[in-house]
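Dear colleague,

Please find the structure below, handed over for your study.

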Amino acid sequence: MSRGKSTTLLTIIGVVLAVLIALTFATFPVGEVSEYTSALGAIELDYDLEGGKAYTLKLSEENEEEVKDVNQVLDTLEYRLTALGYSAYSVKAVKNTDPAVLDYDIRIEVKETETVDSDIEVVAAFGEVAFYGGTSANPTEQILEGEKVVESANYLGAVTSGTTTAYQMTIKFTDDAYAYIINAIEAAEVDGGSYYLEVKLGDQVLLSGSSAITASSFYNRLLYITSQNEAGAKQMALQVTSGGLAYQYEIDSVEDISSPYGEGVATKCAIAIGVLFLVLMVAIIVIYKGFGWISALSTLAFMLLEIWMLIAVPGIVLSLGGVVGIAAALLLAVYSMIITADRIKEEYSHSEKTVKAAINRGFQQSLVPVISVNVVVGIIAIALLAFTSGTVKCFAITLGIGAVISLISALLFTRMFTSLIMPLVKNKEKFLNMKKVEA
Amino acid sequence: MKNSKFCKTKFFIVVTLAIVLVGMALVGVFGFGGTSDYPNDNVAGYEVTVSVNHNAGDAVSVLKTSSEEFFKNKGLEFVGGATQQLDKGKTLIYKFTTDVSSFVEELEVYVGEKLVAADLTSVKASAEINVINARGFSGVWWLVLACGIAVVAIFIYALIMEKLAGALATVFSGAVAALLFISLLGITRISAAPFVAVGIAMSAALACALSVATVNRFKVESKNSENLSLSASEVADKVLAKEKTKYILFAAVVALTAIALAAFMLPYLMIAGGQFLLAGVSATFAAYFGSAFIWAAVKGKKK
């Protein structure tokens, strides 16, 4: 590549990077009324970094049963919060130290969202799913008591028929429960009658027992249930899946709450990552000289891409686990680049190759280890993403995104910057801090 | 290279076993280190909530300074200053690991006097203490499942890319790193929660990543004409000597990240920083020594 072409391309890339840096970190007025907020500021933060709302649940006066195991209640609440997409929440049971106070209050601390109030109502809702069956309409005899009846329940979405919209959910019965109901239907039909099934969640009727059901009401052990409102259908699916909240709680108070990790924790995390980035840059420039500068540029591109991906990928809410994931990914990105730098250096020092030939060979030699490093990390990130929740999941997301960008940075950006910068350098050997080693 | 520095010495085995045995014994006897939210008893900790009835003038500021002054005077240490503000700042939550019930009434009076002294006579202060119920770590088995699946997938990938010795070395390093991380957590008494799962995953991920690059180097170097007469352990030693700078740089950067996180003296960031350091150190150690150890053992002593 000619020097002129390199200079032009580097200038264009420099301008693009400068604009990206400004858009990522700067806040400036746009016109007279609006303001551009930095991309960094647009990253959605989770409760642990930003605070949110605290809901205190107290045992309802209508509650009949004594709370034997409050941890069971907490487990159900956590399951429901996770199912609704919350990750860095806090659910704890607190009570006064006065020995006369026996009941725990439950405090749910969670990120503030548009739907958080209704979500917490769903999460705290009382009632266990119960099934009633018989050969006459609106049966009152409870069936399948004390057995595992429901395998899963899912919210399906809206179904529009003409001008009416209803919201559907499904209940998937276990093999035994399904066999019990089908046998009951067949027995009723043999006697020339019909079978009626009513499904209740606490006092709420999910499926009315006013109409008879047949075996064809089921598809693959699935029973379809419709609700007139979306929140209701979601609530039903969530509650049927997570099991009933065994005790009746009421939301007693709702208050704003700051981050549990201290004031300004998000800013402090950003500063920590910034310091890490700067020191890393200085270290690789000092150790690897010219290739250090090339790696520093690639790492800058890596960081900018990682930040922008946090905004571009829908649904990412950054928690402290995510911050740790970014730091780990940054380490891996630099490590990947160092692998290439070392291989180039060795190719040059232990052979008769020219600088250009050593660079080409070094990139070839480092291809497999660089890919392997990022693939291995990507595999772990995918596995964690699939099976974990909460702050580990956020760690997996930022680490996984980081692994992909690290791969691109090490293979593409580093190569590109090398191709653009090297034609401008007169003493390439000195620039790359390389020396021939005599055999 | 007749005497192998790394592979033939028992350094790796002795250090790993010592750390794991001591760490696991400490975890077995005392459990993990815990903050007030994550201890090992039925009681997770205590929360003292200090409130003002309305947010007039500097009431909240007086509330905060006088409460913290009171705790300091009484020698009561709340968990690293992880204070939460509730109800738009009108209530402050201080977490303690011990029961400080006997001080609560006195605290209320003290804060009330400070409010009066600040000409905030219309503001009333109140204080109460709550006990928090302890719970175990949740989601451990999902983490184990995720790690198990990742190990199988990484083994298959490394088997294709780096052959059996490389694949075994990679997953071995990851497993040892995770084990070392847990043990070091037990030894250092750094609080396990709320980041222990992240720490385990990170130590395993970093160790596998470092290890897979190192075993690739072993493979390449063992085919190098210069090294054909060397045993596998000698090749590994030669590679490790070259890779040392990279590993030192990596460990130094990990340490720096930990310091950067902990420097703000926020308790949870200190826990995160401490765990980051332990995960990084475990990963570096396991990958540097473990990958060579297994690779050379599987490859055999002579080529």
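**Strand pairing between the chains**

Three bridges join strand E4(A) to strand E4 (residues 125-133) of chain B, and the two run antiparallel. Strands pair if DSSP finds at least two bridges between them; helices (H or I, at least four residues) and strands (E, at least two) are DSSP runs, numbered from the N terminus. In this pairing, A:Val94 stands opposite B:Ile132 in E4(B).

This is a predicted model, in which local features need pLDDT of at least 70 and side-chain atom pairs count only at pLDDT 80 or more, while totals for chains, interfaces and linings use all residues. Residues are numbered from 1 along each chain as its sequence is written, and chains are lettered from A and ligands numbered from 1 in the order in which they are written.

**The contact between the chains**

Chain A gives 59 residues to the contact and chain B gives 58, where residues are in contact if their C-beta atoms, placed from the backbone, lie within 7 Å. The largest share of the side of chain A that touches chain B comes from H10(A), with 13 residues.

**Two packed helices**

H10(A) and H11(A) pack with their axes 8 Å apart, at an angle of about 165°. Axes are lines fitted to C-alpha atoms, for helices over the stretch in contact, and angles run from 0 to 180 degrees between N-to-C directions. H10(A) and H11(A) are therefore roughly antiparallel to each other (an angle over 145 degrees).

Definitions and conventions. Two residues are in contact if their C-beta atoms, placed from the backbone, lie within 7 Å. Angles under 35 degrees count as roughly parallel, over 145 as roughly antiparallel, 65 to 115 as roughly perpendicular and the rest as oblique.
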